[in-house]
Amino acid sequence: MGLCAKRRASQPTTTRTCCQYGRIGTKRRATLQTIDCGGYELSDTCRCLIGSLNADSNIRIQAELKLAELFLLSTTPIELATICVTSTEDPHLRQIRISLGKYISERWSPFFPTWKGTSAPVEVKDQVRAIIFRGLSDSNLKIRTASAFVISKIAHSDWPDHYPTLLHDLISLLESRAPESVHGALQVFTEFSRDDLTEDQILPVLRQLLPILLSILGQAEQHSPLTRARAVGVFRQCITSVLMVGDQHPDAIQEATVSVLPQWLEAFEILLSSPPLADVQDSSNWNPLAIRMQIFRTLNLLHAWLPRILTPHLATLLSLAIGHLDILFPPFQHFHVIRDGRDPPPVTTADDPDQEISLPILAASIQDLLSQVARAKRAKDWFEDKANLKACVHVLAGWTQMTGEDLDANAFVAEQDDDSAVMSLRIAGIDFLQNLLDAFPLPTARELQAITQEVVDSSRQSQQKAQPDWWKPLEAILAVLGSEADALMQIVEDEQSEGRVRPFEVEYLLVNVIPSLLALSDYPFLQGRAFVFASSFAKLCRPVDAAVVRAYAPRILAILSSFLSTTSEDTLSLILDTLTVVVKIDLGTWLSPEVTSSLTAAILDTWRRNFKDPLLLSVLADLITTIAASPAPGVYTTLVSQLLPSLVQSLEAATANAQESWLASSALELIAGVLQGGEKGKLGDGLVAGLAPSLFDCINASQDRDVTVKGTECIALIVRKGCDQLLSWNDRAGRSGLDNVLAFVARLLSPTENEASGLLVGDLIIHLLRNTGEAILPILPQLLQTMVNRIPTAKTATFLQSLTAPFAFLIQTHRDTVISLLESITTPAGNGLEVFVRAWCDNAETFVGFWQQRVSTLAFCEMLLSNNAALRRLQVKGEQIIKPETRNVIMTRSRTKQMPVEYESITFPVKALKIILHDLQASVKPAEDDVKPENAESDDGDETWADEEVFQGMKNEEYRFLSGLSLQKVGYDQINNCYGLIEFVEDDGVEDAGEDEELRNDPISQMDMRTHLLSFLRQCAAADPSEFGFIASQLTEEEAAVVKQVLMD
């Protein structure tokens, strides 16, 4: 069947194409059948494809439904494939090739998760693959790109079993030297090499592929820079694949380092040695830069994973890298910093939209390489050369200048956030400086002093000459210095303590430079940078008395509040954060009802303009919590009376209109902020009675996940802080507040309900048990039975914690009653005691929350003391069984299906003892950076530098920082100098910043858990030595040793 067959010759011709007609449509009410594209006769598939783009929703829906029916026909994929690669078709029609991808996902193979059955016959698949493969050599780039996408998608399911010739065919295209064919094949390899090569296939493929890629890279006259750059990108992905299986196939790494990488590194050096300035001579085409970008990205990968292979080349590569930054700085400054009317070429080009090309991206990659080498303390001699170090400091100072894209207040603010995930050229430069200061502190500080003075002097001269961008170099050097303020001050202090000359004079800047910049309102970015710089070195400034700050607080707050209506995004978030800090001055005792009223009105206005921004809502809620927590008379009352009515109205509006659930979730977040700041038992008369009707109506009517989560949080806060009001309130139907809460909890526990509430429902139940007293007793058995019945169907670890943690809390004081109740419950999954205990044992070691972890451990102690026969013989999951064939093997999903993970079966008392010991036990093996054998070989060949890395260039302290934990070893003498105990403490000194204050102040959180557990173990052993010894005999060797040392103390 033809795709768009010409009408009969007797009919008049027309210049209108089928696709043009399909997109334009007609004035009359059209249907799918009326699309005849005057002048062309369409197949059903073409008609549907065109109709799916029609602006008329009726036509579009008809087309999509008809297309779904056509997917069942065996001829459809052939027709779709032909459309995809037919360059004579109208461009709009070719854009619909995504339909072929949809067909493959739904009808090609059960491999795809969205498969709907009825696969095409084998002969049809063969035809489709052949048609699409021809498209890889098409002269039209869009067709090559579409074909590469489809071939890659098909390869996921078909190669190698059903498409064994694919690799051979692709390599044949690469060897053809035809530019279009080479480019099309490389596009496939870009996706294919990343995902589909298995361990056994990697080496044979790479032996054949990598030499061809190297040849393509060297054929500058035959292939475009973008094609050659893509060859380097494919090479990098191939090396990544080898590295991923290095543990199982060390021979692959050895072969790569001996026979493959040296040739590529030599080629990289030759290519990088060519003048980089030649690549940017044509201001409309910087495509040649793509090769350099891919090379530096590949060097970054090699240095991270195979640093030794780079060692002989490092000095040359570092010189080339710093030379690139030096030579390319003038065009960077011209096109990106000064921007005198001429823009750089687009980052993406029509020749290869997948590749991004720009000087900032290239410079960031170069600085990443320099930074990696400095952090790893390699190439010591090169960095210690004064000329090289000076060049490093100078180029990073220049390349960190604000570009035209950076001249945005929100971007400026976001850059100051340590938690910002946005990577930029400036961030790359700051990271480079950080590593230079860490590895070479004194010489780097001296070079910084020199460049800083140079920039200050040159900026003054440029300002006097009225040059418009005079301020950018000064702003940049202040930015990089401020980012490393702590490191610089530490270096200065160390030198001063030794009686030596200070290598950096920050006081000079604070006294002679910064004050004059603070008044430059015509240059807001430099003015703002001056304030940020001064705050970075605040330790050197004279402290201000708190009474002075308090006196200015109302004025500061009024000025900041005026910016709320004119700012947005990051700037608005910064203003709100600053307002929160101001309110906290002297614990907010300076606030007055008048100031609170004005601030609350501004908060409401800000909320109405930004109710869909989750980040700003969080900051607003924090500010509201801070205001509500103020002890100043009338502040809390003013906030509630002015804020709550508007929020309640929003809940009612959202209840009446399900489409406005976003309004309810944002209002609930602010309500939670008010409740969080309120004092327990002093939420204000009538607060619950005024809020509860709208709150329960809203959360009961809504199916929105966010509304459920935030509603759960609000109810938990009411239970914690206003339980007396809740118990005394009745809704319009006469149901008590507690009944409403329990009905909501029952809904959250329903198997049909989403588990989005996670930990919140467990916390709500715990607070109900803690605060409602005897009021909950009549329905407690039913609540607990509902929780047990829900355990077998729970899917997430957080929800399982919510179902088991309340039992652990009750076991503290009512162990035997809880056990008896559980034994009386029958579920489809078995006895209630068995269901609960097994789920508890499986998830206890992953409990989230300091208090929750402790209450679980204490409950295990109580259960271990129980003499219940059923409990003591109950079998639970023990240690994982490590089989010889899975030892030291990464268990992928496919391997796990073939070799399922198995566990030992042990009795509950053994498991309980293991979990109790888990809180005590910790290995005291020396850290790798503490003990290094004398004959240990340094990876970089420089024995004079300590190898402190633990992962990809990170040091131990950096790795611990990223993990969010610091490890503090307890003295060995407490456990007979044999087994130390490690206490895990959050870096900020707070056990769990997310835990509410009620649980933080609970005796369980305050107790000395280590002492308690040591005492408990000794008491258990003394009470029944025989039974305890029998349980301990089933522990691992390490666990048994800990028990032995505890008992010997």
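This is a predicted model: local features need pLDDT of at least 70, side-chain atom pairs count only at pLDDT 80 or more; totals for chains, interfaces and linings use all residues.
1. **The largest nonpolar core.** The largest nonpolar core has 159 residues. Within this core, Leu299 and Phe383 are the residues with the most contacts. Helix H16, residues 314-338, supplies the largest share of the core, namely 12 residues. Phenylalanine 383 illustrates how such contacts are made up.

2. **Valine 648.** Valine 648 is found in helix H31, which covers residues 635-656. Is this residue buried or exposed? Its relative accessibility is 12%, and because buried means under 20%, valine 648 counts as buried. Not counting residues up to four places away in sequence, valine 648 touches Gly690, Leu691 and Ser694. Cysteine 698 stands 50 residues from valine 648 along the chain, yet the C-alpha atoms of the two are separated by 9.8 Å.

3. **Helix H34.** Helix H34 runs over residues 705-721 and has 17 residues. From its first C-alpha to its last it reaches 25 Å, close to the 24 Å expected at 1.5 Å a residue. Of the 17 residues of H34, 13 are buried, so the helix is largely enclosed by the rest of the structure. At the start of H34, a side-chain oxygen of aspartate 704 comes within 2.9 Å of the backbone nitrogen of aspartate 706.

4. **Helix H40.** Because 9 of the 12 residues are buried, H40 is largely enclosed by the rest of the structure. The buried residues are Gly832, Leu833, Val835, Phe836, Val837, Ala839, Trp840, Cys841 and Asn843. At the start of H40, a side-chain oxygen of asparagine 831 reaches to within 2.8 Å of the backbone nitrogen of leucine 833.

5. **Aromatic pairs.** A pair of aromatic rings is described by the distance of the centres and the angle of the planes. A search of the whole structure finds 22 aromatic pairs. In one of them, phenylalanine 71 and tyrosine 103, the ring centres are 5.3 Å apart and the planes stand at 85°, so the pair is edge-to-face. This pair links distant parts of the chain, 32 residues apart: phenylalanine 71 is in the loop between helix H3 (57-70) and helix H4 (76-85), and tyrosine 103 is in helix H6 (residues 98-108). Phenylalanine 71 counts as buried at 3% relative accessibility, and tyrosine 103 counts as buried at 1%.

6. **A stacked pair.** How are the rings of phenylalanine 235 and tryptophan 264 arranged, stacked or edge-to-face? Their centres are 3.8 Å apart and their planes are at 10°, so the pair is stacked. Phenylalanine 235 belongs to helix H12 (residues 225-244) and tryptophan 264 to helix H13 (residues 250-273), 29 residues apart. Both residues are buried.

7. **A ring cluster, and charges over rings.** Ring pairs link Phe807, Phe836, Trp840, Phe860 and Phe908 into a cluster. Phe836 and Trp840 are also among the buried residues of H40. Elsewhere, the charged end of arginine 129 sits over the ring of tyrosine 163, 5.1 Å from its centre. The charged end of lysine 612 sits over the ring of tryptophan 662, 5.0 Å from its centre.

8. Serine 736 is placed in the loop between helix H35 (723-728) and helix H36 (737-748). At 18% relative accessibility, serine 736 counts as buried. Leaving aside its neighbours within four places in sequence, serine 736 is in contact with Trp729 and Asn730. Threonine 578, by contrast, lies in helix H28 (residues 569-583). With a relative accessible area of 30%, threonine 578 is partly exposed. Its C-alpha atom and that of leucine 623, 45 residues apart along the chain, are separated by 9.3 Å.

Technical notes: Residues are numbered from 1 along each chain as its sequence is written. Side-chain values use heavy atoms; hydrogens and water are left out. Helices (H or I, at least four residues) and strands (E, at least two) are DSSP runs, numbered from the N terminus. Buried means under 20% relative accessible area, exposed over 50%, partly exposed in between (1.4 Å probe, protein chains only). Contact means heavy atoms within 4.5 Å. A nonpolar core is a set of buried Ala, Val, Leu, Ile, Met, Phe, Trp, Tyr and Cys residues joined through side-chain atoms within 4.5 Å. The expected span of a helix is 1.5 Å times one less than its number of residues. A polar contact is a pair of N or O atoms within 3.5 Å; within protein, one must be able to donate a hydrogen and the other to accept it, and residues adjacent in sequence count only if both atoms are side-chain atoms. Rings of Phe, Tyr and Trp (its six-membered ring) pair if their centres lie within 6.5 Å; planes under 30 degrees apart count as stacked, over 60 as edge-to-face and the rest as tilted. A charge sits over a ring if NZ of Lys or CZ of Arg is within 6 Å of the ring centre and within 35 degrees of the ring normal.
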